[in-house]
Amino acid sequence: MEAQGRCYCGAVRYKASGDPILQVQCHCRECQYVSGGSPNVTIGMPEAGFAYTQGKPKQFRRKDLPQPVTREFCGECGTQLLARAPGVPGVVLLKVGTLDDPSAFTPQMAIFLADKQSFHRVPEGIATFERFPG
Ligand SMILES: [Zn+2]
Ligand SMILES: [Zn+2]
């Protein structure tokens, strides 16, 4: 797949090519902050096929966690664009809402149900995990 995306204000744009590695919705508490309260939906794409084509994102990493994810976001409008997680090296976890065509997303698994809120919905028939798969 060839995907393009951008932040809300358009200052930062990216392209991603290759086969999606995973399509996941994450219910963890951290993702609730990033998403606004819903599960966070992401498509994992190969890092090798990913590039920013305009602008440069800011990065954030929590200093109080032993293996924090790196979150990249627009410094102008604050849109979260992607995360890079130590647990899935070589993969960029793109925020589905930043894709030019978010309908490319089909959730395959829901993770961190341990943190799920009662108003979160999990699609029927997908794999579910209390925390990480495996
Ligand atoms: Zn922006
Ligand atoms: Zn999460």
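Q: How do the residues lining the second largest pocket divide into nonpolar, polar and charged?
A: Begin with the caveat: this is a predicted model. The lining of the second largest pocket has 3 nonpolar, 7 polar and 1 charged residues.

Q: What volume does the largest pocket have?
A: Its volume is about 870 Å³. The largest pocket is lined by 32 residues. Nearest its centre lie Val69, Arg71, Ala85, Phe112 and Phe132.

Q: Which element gives the largest share of the lining of the largest pocket?
A: That is α1, with 4 residues. The lining of the largest pocket divides into 21 nonpolar, 4 polar and 7 charged residues.

Q: Now the sheets. How do strands of a sheet pair?
A: They pair through backbone hydrogen bonds, either parallel or antiparallel. In this model, 3 strands form an open sheet with antiparallel pairing, in the order β1-β2-β5. The edge strands are β1 (2–6) and β5 (50–54), and each pairs on one side only. Neighbouring strands of this sheet are turned by 25° against each other on average, direction ignored.

Q: How many bridges join β1 to β2?
A: There are 5, and the two strands run antiparallel. Look for one pair: Gly5 has Tyr14, in β2, as its bridge partner.

Q: Which residues coordinate the zinc ion (ligand 2)?
A: Look for the donor atoms around the metal. Here they are the SG atoms of Cys26, Cys28 and Cys31, at 2.1 to 2.3 Å. Along the chain, the donors follow the spacing C-x1-C-x2-C.

Q: Are Cys26 and Cys28 buried or exposed?
A: Compare each relative accessible area with the cut-off: buried means under 20%. Cys26 is buried, because its relative accessible area is 9%. Cys28 has 8% relative accessibility, so Cys28 counts as buried.

Q: How far apart are Leu81 and Val96 in sequence and in space?
A: Check both distances. Leu81 and Val96 are 15 residues apart in sequence. In space they are 8.6 Å apart, C-alpha to C-alpha.

Key
Residues are numbered from 1 along each chain as its sequence is written. Chains are lettered from A and ligands numbered from 1 in the order in which they are written. This is a predicted model: local features need pLDDT of at least 70, side-chain atom pairs count only at pLDDT 80 or more; totals for chains, interfaces and linings use all residues. Side-chain values use heavy atoms; hydrogens and water are left out. Two strands pair if DSSP finds at least two bridges between them. Axes are lines fitted to C-alpha atoms, for helices over the stretch in contact, and angles run from 0 to 180 degrees between N-to-C directions. Donors are N, O and S atoms within 2.8 Å of the metal (3.2 Å for Na, K and Ca); water is not among the atoms, so sites may look incomplete. Buried means under 20% relative accessible area, exposed over 50%, partly exposed in between (1.4 Å probe, protein chains only). On a 1 Å grid over the protein atoms alone, a cavity is a set of points where a 1.4 Å probe fits but cannot get out, and a pocket is an open set with protein on both sides within 12 Å along at least five of seven lines; lining residues have an atom within 4 Å of a point. Grid points are joined across faces, edges and corners, and a volume is the space filled by probe spheres set on the points. Ala, Val, Leu, Ile, Met, Phe, Trp, Tyr, Cys and Pro count as nonpolar, Asp, Glu, Lys and Arg as charged, and the others, Gly among them, as polar.
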